[in-house]
Amino acid sequence: MKITHIPSGLPYHLKPGTKIEVERTNLFFNEYGEQTVPVDLPDTDRNRELTGYTDMLSALKKPSASISVTIQDGDYFMPCRQAILGAQRKSGISTSFYMNEGSFLSRISDTSLADVFSKETIPGITTVQQGIDFCRSLVSGTNPDFAIFPVLINSGESYSSGYPIYKYINRYGYVDESGQFRVHVDGKATPDFYNAVNRTEKVGDQNVSLNPGYYMSPFVRANYLLRRIFKHFGYTLSENFFTRTHPFPNMVFVNNCADSLVNGTIRMVDLLPDCMCSTILDIFRKKFCCEFIPNEVDRIVDIKLFNESYVSTPSIDLSPYLTDQPKTETPEFYQQIILSSDEVVSDFDSVESPDSIAILMSKYVSVSPDNLSGYYFRHGYKPERNTDLSGNLIHYCTHVYDKVANSSMRYYAGGNLKTKEIKVPDKQIEFRKVYGSEYLATKDAEEGEFLYIGDANFLNSKLSTAAPAGKDEESTTKNTSLKPILAFFYKNAKYPCGTICNYILKTEIGSSTMAMTRYSDYTLCYNGTDGLFERFYRSYDDLHRNSLFNISASLLLSDTLKQSIPAHLPVTLLGQRLFLNKLNYTIGGDNEPIETKLLTSRLYEPVSTAKAFSDYLPPMYDPWKPEYGWKYMHSESDISQSEYESSPYKDKKFDVMFPPLGTKELATSGKKYCMQYRAVKYREGYYGLESCWLECIKMDYSGWPY
């Protein structure tokens with residue numbers, strides 16, 4: 001066996017018969033990559049020099065954890081990263097070697113995004129106006145590395161109702177005929193960024209004059225950030241699911257820097273979360289159930305979804321290399337997956353989400369998802385009465401949409417199975433409504449719905465979002481660490497927009513009419529028919545519920561096979577399709593059988609599977625245009641004063657009615673739902689018994705039925 005120190009080109013001195021034990025892990029089931037058991041190199045002058053004289057107390061440098069080496073033994077050849085663990089003079093130098101995924105992951109674990117981008121700025125921008133023009137160029141959506149759209153930030157203020165007064169980063173819209181700035185998507189208007197010109201805003205009790213460029217910031221596309229991380233470490237990112245599948249080329253990391261343009265340059269570090277490079281990879285790994293597969297020889301990184309590996313053809317049949325009958329161990333217990341984010345955005349408009357989707361659906365009889373925002377609502381009917389212009393009493397109902405769960409709600413199917421929790425190290429954001437004046441004062445006061453990201457950071461000025469009373473623009477806020485935030489960019493007519501869902505309100509250029517349109521097949525919410533669990537984790541969850549038996553098998557592999565078997569692809573053993581868990585082999589010495597750990601992929605009966613989200617809803621249910629809905633009905637009859645006085649319904653008010661979701665069966669049943677009564681006194685000497693209820697009907701969209 002030969003171990004070569006790449007920087008010098010010299011081989012290490014080795015003891016005769018040196019043998020190295022290697023463990024290649026499947027990262028879908030383990031947290032660390034391929035690496036060796038610690039091995040001792042002999043204490044020779046050359047070895048001490050190549051490893052930096054780690055044994056010397058007077059050494060000035062830290063022991064290296066990233067020495068480039070190659071290991072060669074017969075047909076086996078592998079580039080590695082060497083880490084020095086310790087040394088003792090006249091005894092030996094303890095070291096480990098990291099191969100493939102192990103080498104790749106260990107190299108990026110100690111590097112922050114700030115280390116990658118350092119003092120880099122976006123090229124070609126040396127003035128604030130150039131920065132504004134750059135942001136304008138991003139509206140088209142054609143820049144491969146950056147995108148832009150409006151997001152909401154906390155202002156620290158609220159209306160008397162308690163509803164927050166939001167501010168924007170990247171506010172975009174147009175000035176109407178009355179001189180008011182509008183953010184409604186209007187395909188006829190000519191929009192621009194609100195802060196592309198001088199503005200005045202109220203900060204605390206002070207009016208502050210803002211130069212152009214405040215509250216504007218571009219967002220870095222996620223694929224571009226991955227490419228830059230890999231380039232920093234000498235790798236090239238290959239084409240993969242996220243580069244070729246809509247809408248992931250439009251996925252960005254949102255930042256909260258409200259003054260990234262104001263100094264005439266745009267620093268890359270201002271646009272990035274405060275985290276390590278490994279955190280960005282962990283977000284992809286855990287949010288989308290994927291792994292990064294490096295090729296150390298060609299220095300190329302591929303990304304593989306578990307879904308892709310799960311259906312892949314087995315890479316090799318290991319049966320010919322089996323030296324003994326395999327041993328099977330059934331799991332102590334089966335598991336189910338819980339998915340959530342480290343942090344979720346919250347404010348006045350948040351509700352307390354149930355622990356699981358099953359609890360949510362069982363708690364309310366009429367829950368349906370809002371495809372545009374990802375929230376969960378129950379649809380109700382509020383009985384009302386009023387008088388018309390002629391003074392006649394009229395009865396009607398208003399529609400009530402009661403939010404019962406946030407779009408950021410974790411995925412958990414519920415039940416008695418033990419859980420395997422997967423927590424994504426990011427911040428899950430949500431939509432919020434914006435009102436231009438007192439909450440719900442008028443319909444025209446609503447400006448729209450935008451993604452809310454929380455507090456802003458001011459990194460290049462002394463402006464703050466909410467200065468204390470009596471202070472001026474020199475007041476500062478404590479800038480918080482920015483968690484990674486993912487969202488999708490899309491263009492609607494002439495407007496840049498952001499979403500975490502897969503339905504949008506689409507407006508064509510030259511029109512003011514909006515129509516709900518399916519934007520993609522994927523959302524960034526954990527729940528839902530197109531949510532992260534259904535799209536990326538269901539097969540992984542099925543395995544944890546019904547399989548993953550531990551299989552121990554002694555294998556005698558050739559040198560070629562030792563380095564060529566991919567850990568992420570299934571294999572075949574004795575006719576059974578299995579996943580590798582930990583492939584063990586040795587380098588050097590005599591080639592002897594060694595035990596490898598595998599996992600079953602067959603779903604054993606009785607098969608348990610998480611209930612599909614669509615199964616909670618009636619077949620073909622469309623929350624925006626249901627086939628069956630509810631008609632409000634009302635009746636009244638005269639009663640005497642004595643009947644009124646003795647009635648259990650005396651002066652009772654009608655409650656909001658929350659019926660189940662409409663179905664064909666309910667429409668043909670003839671039953672009345674949510675029946676309520678009240679005895680009322682209309683005026684002296686006139687009394688009545690009123691009743692109201694709902695009837696399920698087949699909807700006729702040529703005319704609203706009530």
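How many salt bridges does the count come to? It comes to 40. A salt bridge here is a side-chain nitrogen of Lys or Arg within 4 Å of a carboxyl oxygen of Asp or Glu. Side chains of opposite charge can pair when their charged atoms come close.

Before you click, know that this is a predicted model, in which local features need pLDDT of at least 70, side-chain atom pairs count only at pLDDT 80 or more, and totals for chains, interfaces and linings use all residues. Residues are numbered from 1 along each chain as its sequence is written, and side-chain values use heavy atoms, with hydrogens and water left out.

**Stop 1: salt bridges**

Select Asp-45 and Arg-48. They form a salt bridge, with the closest N and O atoms 3.8 Å apart. Both sit in helix H1 (residues 45-50), three residues apart, so about one helical turn separates them. Helices (H or I, at least four residues) and strands (E, at least two) are DSSP runs, numbered from the N terminus. Asp-45 is exposed, at 59% relative accessible area. Arg-48 is buried, at 8%. Buried means under 20% relative accessible area, exposed means over 50%, and partly exposed is in between (1.4 Å probe, protein chains only).

Next, select Asp-530 and Arg-535. Their side chains meet in a salt bridge of 2.6 Å, N to O. Asp-530 is buried at 10%, and Arg-535 is partly exposed at 31%.

Then pick Asp-270 and Arg-267. Here the closest N and O atoms of the salt bridge are 2.7 Å apart. Asp-270 is buried at 4%, while Arg-267 is partly exposed at 33%.

**Stop 2: aromatic rings**

The structure holds 48 aromatic pairs. Rings of Phe, Tyr and Trp (its six-membered ring) pair if their centres lie within 6.5 Å; planes under 30 degrees apart count as stacked, over 60 as edge-to-face and the rest as tilted.

Select Tyr-172 and Tyr-495. This pair is edge-to-face, 5.7 Å centre to centre, with 85° between the planes. Tyr-172 lies in strand S12 (residues 172-175) and Tyr-495 in strand S31 (residues 495-499), so the pair ties together parts 323 residues apart in sequence. Tyr-172 is buried at 8%, and Tyr-495 is buried at 2%.

Move on to Phe-284 and Phe-288. This pair is tilted: 5.8 Å centre to centre, 55° between the planes. Phe-284 is buried at 0%, and Phe-288 is buried at 0%. Both belong to one aromatic cluster, whose members include Phe-292, Tyr-522 and Phe-536.

Stay on Tyr-522. The charged end of Arg-535 sits over its ring, 5.5 Å from the centre. For this, NZ of Lys or CZ of Arg must be within 6 Å of the ring centre and within 35 degrees of the ring normal.

**Stop 3: Arg-171 and Tyr-194**

Select Arg-171 and Tyr-194. The charged end of Arg-171 sits over the ring of Tyr-194, 4.5 Å from its centre.
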